Structures are given as C-alpha cells and as structure tokens.
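Please look through the structure below before reading on. The text then takes its parts in turn.

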Amino acid sequence: MILSSLLAVAAVGSDFFGVRSAHDHSSSTRRETIWFESPAKAFTESCLVGNGRLGGMLFGGVSSDRIALNEITLWSGGVHDQNRKDAYKALPAIEAALMRGDNPAAEALVNKTFTCDGPGSGFGNGKEGPYGCYQTLGDLQLQFFGPTGKPLPESVEGYKRSLDLNDAIATVGYSCGGVIYKRELIASAPAGALVYRVTANIPSSFDIAFHRAEHAEYFSCGSTLAMHGTLPNGTGGDGLKYVCLSRVRCVDGGHVQAEGNHLHVSGATEALVYVTAGTNYKGPVAGKWDGDDFEAKCKTRLDAVSTHLWDGLLHDHEKDYHALYGRVKLNLESTKNSALPTPKRMIAFAKGAEDPALAALYFQYGRYLLICSSRPGSLPANLQGLWAEEYATPWNGDYHLNINLQMNYWLAETCGLAPCAEPLVEFIRSLVKPGEETAKQYYNAPGWVTHVISNVWGYTAPGESASWGATNNCSGWLCDHLFQHWEFNPDRKYLESIYPVLKGSALFYLHSLVKEPKHGWLVTQISSSPENAFELPDGRQASVCMGPTMDMQILRRLFSQTARAARTLGIDKEFAAELDLTATKLAPDQIGREGYLQEWLEDYKETDVHHRHISQLYGLFPSDEITPEGTPELAQAAHTTLERRGAASTGWSTAWRINWYARLHDPDLAYRSLKLLLKPAFAADGLPAPGLGGSYPNLLDAHPPFQIDGNFGAASGIAEMLVQSQPLRAGEDPVIRLLPAMPKEWASGSVFGLHARGGYEVAVEWRHNKIITASIKALSSDGEVRLLPGEHVVITIRNKPIHVKKAADGVIIFALKRGETAKLRPAQEI
Ligand code: FUC
C-alpha cells in the first residue's frame, strides 16, 4: 500500500482532553540516575532509551532538541553468499605449510585462497557493499519557541537532563523567562513506540521534523509525519525498506498543523509525540518481523499508541520494564558523590574519591542497556547495542564473534536477564544453515562453522584478511551461550531444541582436527589466536597457525557440553563417548618460558605484548577449565599473563579483565580494572578525548570509539565479584560461592537476584566485609545446592535449621525443593 494514502486515511487532528499527569516519579526507593547539567553536544553525552527494537538518544537541547533514532534491523546490504567455492581444495597446501612450520607461507596461501569471495565486511566499511552496515534511522528534530514566538534562548535556569534507570525514562527540565519546560521520553515495549511528552506551564509552541542524511523521503499529513526510504543491497539493487512515523497529540490545549515536512504545534501545555518505525527485514534470523506489510503495521502501532495518554503508557511501560529490571538489586551504599552530575562524579572518582555506588550504577546501567537493546522476537545487541548515530557505523556496527557479541551476553544469565538472551539464541540458530555451506566450501566438513564477523544477513564466511579473518572457533564459542542458558535455566525442551546446533558444531570441529607433528596432539588444522600475531624463531611474523590455545579450550568445552547434553537427553551415547575421548587428545594448556599461559602451540613471542585480545584466558573465563582450586599452576600462569599484558587496554579488554580477576579471586585487581573502565574518556568540554578505554559522560564504554561490549562485560564482571557458580574443577558440579572477589572498598552492601547455575536466585548482605545473611532460592527444579560458604554457617529452610553434607574443599551440600528458599547466617549469630 502507498504510505501517503495510508496516512491520509488515518490523519487525526489534535485532541483536547485536558488531562494532566498524576504520575509521581518521586519515590522513597533509591534511584539509579545518570544526569547532566547541560544538553548533550555528542551522543556520548545523550540519554539512551530503547524497547529492544526502537531506540532513542536524547540530546535535550533548549531551543532545538534532537532524538537520534534507531531501529535494530536497519541494515544496508543483504543476503549474499560470500563463500569461496571449493576453497577446501587449498587446504592440503596450507596444512602442509603449517606442518613444516612455515606459517607465513600458510598465511600467504590463506590470503590468496581461503578468505571470503567478495569484499567481505569491507574492512569495517561495508556500508555500500553486500555485507552492509547497521546505521541510524535518522533524527527527530524539535525546535522550541518562547511566548513571543521566537526560538528559546540557550541560556535557561535550572537545566537538568537525566536518565532514570529505575523506570527507564529520560527527562529534560529547565525554566526560561518564568516558564517551566519539562520533557520526558520513554521507549515502550508494550506499545512498540517511543513517546516524548512535551510540557510547559503556559501554552507553548514547537516544531518537529525528521532528518536523515541519505535514502530518505518525507511528508506530513494532519498531525502525522513520515520518513521512509530504501537502503542499497550492496550489489546495485534495492535493499531493506524502512518507514518511521510520528504523530503529535495535544493533550491540554493546543493545535497541530502540518507545514511542509514538519509539524507545527502551538498553544499546548502538554503534547505527546509518538514515534513508531518498521522495516521489511527478511533476513535469516527468526523474529517477530513486520515483513512486506511493514508500513501498515508501523501505522497500526502508531494509531494504537496515539489513542493513549501519558499516564497509561507510562504505567504499561514501567510494568513491563520493572519485570526485568527489578529482578536484581545492588546496594553498595551511597556516598555524597551521588549528588554530583555524572561526568563530575566520574572525574571525582578518577581522582580518588571512593564511590561504591558509582560501581552499582554502572552495573545496573549494563543491565538497563541489555533490557533496552535485546528483547525476545528481535535481533541481538550489536557492537553499539541498539544505538548508532552514524551511517557508516564503526566496524559496521556488526556482530564480531571473537569476543564482542559473546561479551554482550555474559551478564544475561548471571544478572537475571535470561529472557534478553533469546535474540542471541535465535541468532545462533540462524547461523547454522549458512554455516553448513561455509563448512562445506572451506573445509569439506559436516556440521556448521562461523568465522570472526557476522551480520543480520547470515554471514559465516572467513573475513577478508588472514590476519584476523581465519579464526574459526567462533561457532564453538557461541554454542557455550546456548548451553549456559540451559545450565542457568534447566529445561529439557530447550535442551532438546539446541542439541542439534551443538552437535552440528561439534561435528565440524571433530572433522577439522589434525595431529600436530611434535606431540601428536589433536589440534584445529588452520586457525589463528584472535587478532594477535607471533614471531617465528627466524624473525618472520604470522597469525595463521594450528591449534591456538583458545581453540583447544573452546573445543574441550564444546565437546564436554555436547556430550553432557546428549547424556541428559539419553541419546547419541557413542557420539558422546567419542567427544569425551577426543577431548583427552587435544593439545593441553601450556605454561611458557616466563611463566605465562602460552597463546599458541609453540612458545612464540607475541608481536604485541600488550595486545587487547588475551584469548588464551578463555579457559579462565568464560570457561572454567582454569580455576585456583583445580589448576593452581595454570591459575598462576593466567595471573602472570594478565600482569604481563598490563592493565591499560580497550574498553572490552578491560571489562574482560574484571571477570578474569574475579575468577582468580583477586578483588584488588578486579577493582583496579573496573576503575580503569570508569576513567573519564572525555575532555573538559565533555567531548571524547584521545586515549584507550574508559567511559564517556553518559557512561557508555569507550573502545574507543563507543562499543557497548565493555558496558555489558563490566556488569558481568561485577556480578562475578559478588557471586560465582562455576565448578571448582572442570567437569564437576557447579558450586555457589558468595562474595568471591569483593573489594575492601565495598565494605558494606547487599545484592539480591543474581542467578547461579542450576537455576538458583541468590541474595547476600554484608557489613564490614563480612556476610551477615544470604539466601538461595531454587527457581526451576528440586535439586542439591553445592555451596562454598567461606565460613561456618547455619542454614534454615522455613526457619528450621537443616542438615547439610560436608564435601571436599569446604563445600557443603543440601537439598532444596523448587520454590523453596534456604537462608544462611554465620553460625555464631544463631
Ligand atoms: C575486534 C576487536 C577490536 C574491536 C572490533 C569490533 O576485532 O579486536 O578491538 O572491538 O572487534
């Protein structure tokens, strides 16, 4: 249907309901707020909202305001096969070069014969190519006028702009010439819309318009604005089509009029600006897509949302949001600094003013960002989550699979956001079919495989350069997320549904293993340790290799998880046994000459000793084959590796360090990394400053540039500092451990709602660095809790002390029925 005719039918005039909001935002509970004293000059100062699909970045200007918009499917490019046909025929020559230790020759061959067929990701610039690029939907621009009809001056009184994480609402307020202006923005998941409420205490006027720098047409009709367009598919044709609609409804007096490509609102004390968007995304990822009907569906959403007033919309939005956000509470005790605007608070913290509550805010911000960018039925959070103001977003705003996408989801299970992992699960499933073709063309192998980069179009081929694009352990790593989702939320049906995906991945790697000549270990036949390179004894450099440590660790995990899944389901007995046996033949973790964990099969010198990727520590986190209890020498080697690489790095690498140090039970170094991540990455004017890592004024992570993985990785790291549930030794049952890496600076506090493997919800309260009380609730099934209490405790269920079994290493075991809560107290207090 033609969009203009759709809108003409629907054009509605202004409504005069005269209803003022009765909603009161003040509440006695502590609020987690990021706030500013001035409008944002860059999106790194803006306030972010999102409903999993539609996002907004509120700049909050006085005379002119901007909400940068996003729709998570808005990608250029399209579904294109970039597999090099019959590339596997080159394998024997590459393998032969690797077997004789001539890695540079192997690398030259990979570059020539084993990269993608086509431009691939365009080295991060794939916008005009078939790979495509995630990009902004455009801007909603607002222009405000004072009582005389002139644009508002920039200098106003009492300016405040804030993002309230407790209710997921962004607010701007100020007064000018005695007039009080207030605006509030939500991204409502139930309504599928952004709603911006614009109020003033006298009748006021403003204009709104859409702006997009390319591929956009606009029109207006009645009280509705439209922007629509078609992105290029990268091979000379039309790609994704999109539409974005906005409607203004005057609530308390006022009038809306379409004037050219904008709407003019006059005489209103309260107006609601509704925004909906949609695309005809038809990629391979299963979701609740609008399809060819996207314009009509987008308009239906607009019609529906615009029948509602603010209070009702806010009520539904908060109810929906609280159901996720409210699952976890973290109180690290406030300091006076929470009264400072966020950028000043960050500066004070960097200068040494302790501020535990800032860490709690950063933790909840990570959870907030995931709730806003990853909801069931949609796509996973990309490199920027959901928020991009660019058309050529850095690294195409894609899904990098050698750390970044995985890090985005580390917090999902531990931080009570399992439903937010659903888009990742669907995304992984969508890679199986294209990944089977890639396995066939490149390795002549069964099963499926992905390499380093992917997009919403099912890209699984290697990247365009051997130095980073040959890494092929990524599908194995993704499978860990499928399995952990089950470990945290045991459900047989779900396990049945993911088993074929695990099996397909395991089959691929089983097929790809070769015997390395020195020890006869089984290793991956052609690979690289993500993005790092090494020097051969003769001084030549290369990245391409056999069996880097990370590959071996990922395969051990994949094989054991797949075998465990098969046994749990009572199927594929022989296959499970084959996986177990093969795992014992894989190259082991090795300690290098300076006591570090070797990154490669040989003790090569890395070309960059401070490289941001420390992939050989995958075995420490997110995996659990290296633990202080089970493998103390390897744990020490991991520690040495980390200190050798140094503390300063990119945002995500710093965030990974928090998780690593937490697993090494080193609170001081975990906290050091968290501090580095919170270091201001901005100059006095608030704009990004040169440097490595840190955070922007709105607490977004600086790679630089902005990359959201550090935010998510840090939230996961903070959770790991407070509660862990991996086994003490690989292959054993999970053990819940309370406050395993709690820094002395967080002397008193409480956390509620962190999740543990086996389906448990955990709460802990501590004072003066000692646990006062804790509780464990069985969410999914009856089971046996294994707990490392750290000190002598008494456990009660329904106020009655219960019997606990004592196991090795101070672990205690007790039975807990589904729905029951066990309470723990130090023995002397009972
Ligand atoms: C990987 C990292 C880079 C960056 C990019 C998006 O390639 O090595 O640091 O995070 O992904």
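Predicted model: local features only at pLDDT ≥ 70, side-chain atom pairs only at ≥ 80, totals over all residues.

Begin with the inside. The largest nonpolar core holds 243 residues, and within that core Phe559 and Leu722 touch the most other members. Helix H7, which covers residues 356-373, supplies the largest share of this core, namely 12 residues. Another core lies apart from it and has 19 residues, including Ile169, Val243, Leu245 and Tyr274.

With neighbours within four places in sequence left aside, Leu722 is in contact with Leu330, Arg737, Leu738, Leu739, Pro740, Met742, Trp746, Val751, Leu754 and Trp766. Arg737 belongs to strand S26, residues 736-738. Is Arg737 buried or exposed? Its relative accessible area is 12%, and because buried means under 20%, Arg737 counts as buried. The side chain of Arg737 is joined to the side chain of Glu629 by a polar contact of 2.3 Å. Beyond four places in sequence, the residues in contact with Arg737 are Glu629, His665, Leu722, Val723, Gln724, Leu728 and Leu788.

Next comes a helix. Helix H2 spans residues 91-99, and its residues Leu91, Ile94, Ala97 and Leu98 are buried. Viewed down the axis of H2, the buried residues fall within an arc of 130°, so they line one face of the helix. Which elements cover that face? Among those covering the buried residues of H2 are helix H3 (103-113), helix H10 (422-443) and strand S23 (544-545). Just after H2 comes Gly101, which takes a positive phi of about 80°.

Now turn to the sheets. Strands of a sheet pair through backbone hydrogen bonds, in either a parallel or an antiparallel way. S24 pairs with strand S21, residues 534-535, in the antiparallel sense over two bridges. Glu535 has Lys605 in S24 as its bridge partner.

Another open sheet has seven strands in the order S15-S27-S28-S29-S35-S31-S32, and here too the pairing is antiparallel. Its edge strands, S15 (329-331) and S32 (800-801), each pair on one side only. Within this sheet, strand S29 (residues 770-778) pairs with strand S35 (residues 821-826) in the antiparallel sense over four bridges. The bridge partner of Ile776 in S35 is Ala822.

Which residues surround the ligand? They are Leu383, Trp395, His400, Asn402, Asn404, Glu531, Arg612, His613, Trp652, His703 and Gln707. For some of these residues a distance to the ligand can be given. An N or O atom in the side chain of Glu531 is 2.3 Å from an oxygen atom of the ligand. For the side chain of His703, the corresponding distance to a ligand oxygen atom is 2.6 Å, and for the side chain of Asn404 it is 3.1 Å.

Terms used. Residues numbered from 1 in each chain as written. Heavy atoms only, no water. Core = buried A, V, L, I, M, F, W, Y, C linked by side-chain atoms within 4.5 Å. Buried < 20%, exposed > 50% of the residue type's maximum accessible area, 1.4 Å probe, protein only. Contact = heavy atoms within 4.5 Å. Pairing = 2+ DSSP bridges. Arc of directions from axis to C-beta. Near = heavy atom within 4 Å. Polar contact = N/O pair within 3.5 Å; in protein donor to acceptor, adjacent residues only side chain to side chain.
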